[in-house]
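Hi everyone, thanks for coming. I'll walk you through one structure today, so please have a look at it while I talk.

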Amino acid sequence: MDASVSAKATANTFEADVREIVKAKYVRAAVASDAVAGVQPRLVVEPGSEQELAKVLKLADAAGLAVIPRGGGTKLEWGNRPARANVILSMGRLNRVIEHAWADLTVSVEAGCTIGKLQETLARHGQRLALDVLWPERATVGGVLSTNDSGALRLRFGSLRDLVIGVTLALADGTVASSGGRVVKNVAGYDLPKLVTGALGTLGVITRAFFRLHPLPKETRTVSCVTTDVREAQRLVTAIQNSKLAHSALQICCGGEMQPRIDVLFEGTEAGLTAQMEQVRVIMGASAIPEVGGDVWNARQEIWSAGKQGATEFAAVKFASLPAQIGEAIETIAKLSSAKSRWSVVAQATGIGWVRLEGAVSAIESALREFRAELERSRGSLVIARRPVGMAELDAWGNAGDSLGLMRAVKRQFDPQATLNAGRFVGGI
């Protein structure tokens, strides 16, 4: 039998079997808008439970079909182009907040629940997941965990790996595995939650997660300061970090047409905030701008929205450097951007930043290659989250270093046939 005919027969058998599992109305042919980085899948399947999802994965794995998990679809551009794509596994029906144990400051939630819905539920008891993600009204719990997306609040509350305390995971062969639990101090079993956080769905499909929570702040205040140059901004950030201030977030925003601006967020009681504001004004000096609106904390999201409003092509990249080298990283991207390119940066005091480049595709590509090389020389990194149309294939992740062999071994253990998100992660995993 011809290979293409055999493949089509296998796909048809898979589709018929899946319709029996999840019901026909939750299986449809993929359309152009379902494509991932230009790769067109054949089917979209939307299971309604962990058990259904696991059965679908087992069938796909046995049939040799590649599966791409999808939540809100906000970050499908991230990562490398898929090596192959047959089935989109939609998490839209797995969207419940399962249990909010408010007395224990924990929550269990299905992976298809949006961050916005989760935060609304937690707020009823004066609590929150201390995480500021991109597009919270559409981004799902599973997608945020898989991409390890976190914002400026990471400075005080830690990354997702510090907030997640348990996950349930469906493996490619249909096995459902769980690790962690409903309590914050849990040391039983392998630390699966940290392993799958940031793995881009290549090890398994997250079906539910458990998080530790924090109280909602009674009051918040933001103070900003416009500086003359990036080095002065770096000096102030370092001074604030070395002080005894209890700030929740700290960032630098700047661009080709914007002077560097520092934003500091304080959370707490009215009396405590007043004292904090007085101290930070002393550090910032006369240039401090008190009582700035909270919109400044949307700057990371504007990296994307501002670019999409323009007619020119753009790239959006995430970089990591030592906190003391943020200023150097910003100066580097400013130097590499040609007169025909526009650039803007949002950098958090943790050393993680986002850059938008707009202009000619060739100029963007050249700047990204050199920027990555400069960062990697100083043990930093650069991840390309969005690339302009027409840009040559450029690996999204860069040099993985000595860890790549271990990462490939873990991938083989969890997904030996590369069923999940094939080729999208570091080193083509």
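Let's start between two domains. Domain 1 (4-92) and domain 2 (97-215) both contribute residues to the lining of the largest cavity, so this cavity lies between them. The domain bounds, by the way, come from an automatic or database domain assignment.

Before I go on, some housekeeping. This is a predicted model, where local features need pLDDT of at least 70 and side-chain atom pairs count only at pLDDT 80 or more, while totals for chains, interfaces and linings use all residues. Residues are numbered from 1 along each chain as its sequence is written, and side-chain values use heavy atoms, with hydrogens and water left out.

Now, what is a cavity here? On a 1 Å grid over the protein atoms alone, it's a set of points where a 1.4 Å probe fits but cannot get out; a pocket is an open set with protein on both sides within 12 Å along at least five of seven lines, and lining residues have an atom within 4 Å of a point. Grid points are joined across faces, edges and corners, and a volume is the space filled by probe spheres set on the points.

With that rule, the count is one cavity of 30 Å³ or more. Its volume is about 340 Å³. The lining has 24 residues, and P69, R70, G71, G143 and S146 are the closest to the centre. β3 (67-70), α4 (141-147) and β10 (205-212) each supply at least two lining residues, with α4 giving the largest share, four. Those labels are DSSP runs numbered from the N terminus: helices are H or I with at least four residues, strands are E with at least two. By class, the cavity lining has nine nonpolar, 12 polar and three charged residues. Nonpolar covers Ala, Val, Leu, Ile, Met, Phe, Trp, Tyr, Cys and Pro; charged is Asp, Glu, Lys and Arg; the others, Gly among them, are polar.

How do the domains sit? The assignment gives domain 1 (4-92), domain 2 (97-215) and domain 3 (219-386). The centres of domain 1 and domain 2, taken over C-alpha atoms, are 24 Å apart. In contact terms (heavy atoms within 4.5 Å), 15 residues of domain 1 meet 23 residues of domain 2.

Is K75 buried or exposed? K75 has 8% relative accessibility, so it counts as buried. The scale is relative accessible area with a 1.4 Å probe, protein chains only: buried is under 20%, exposed is over 50%, partly exposed is in between. Leaving out residues up to four places away in sequence, K75 touches L134, W135, A139, V144, T147 and D149.

Next, the sheet. Eight strands make an open, antiparallel sheet in the order β15-β12-β14-β13-β17-β18-β16-β19. β15 (288-289) and β19 (381-386) are at the edges with a single partner strand each, so one side of each has no neighbour in the sheet. Strands pair if DSSP finds at least two bridges between them. β12 (residues 219-226) and β15 pair antiparallel over two bridges, and C225 sits opposite A288 in β15.

Helix α11 (residues 326-336) has the buried residues I326, G327, A329, I330, T332, I333 and L336. They pack against α8 (230-242), β13 (249-255), β16 (314-320), β17 (342-348), β18 (352-358) and α12.

The lining of the largest pocket draws at least three residues from each of domain 2 and domain 3. The second largest pocket has a volume of about 630 Å³, and L131, D132, L153, W297 and N298 lie nearest its centre among 31 lining residues.

Most residues other than glycine have a negative phi. R379, though not a glycine, has a positive phi of about 70°. R379 lies in the loop between α12 (361-377) and β19, and at 82% relative accessibility it counts as exposed.
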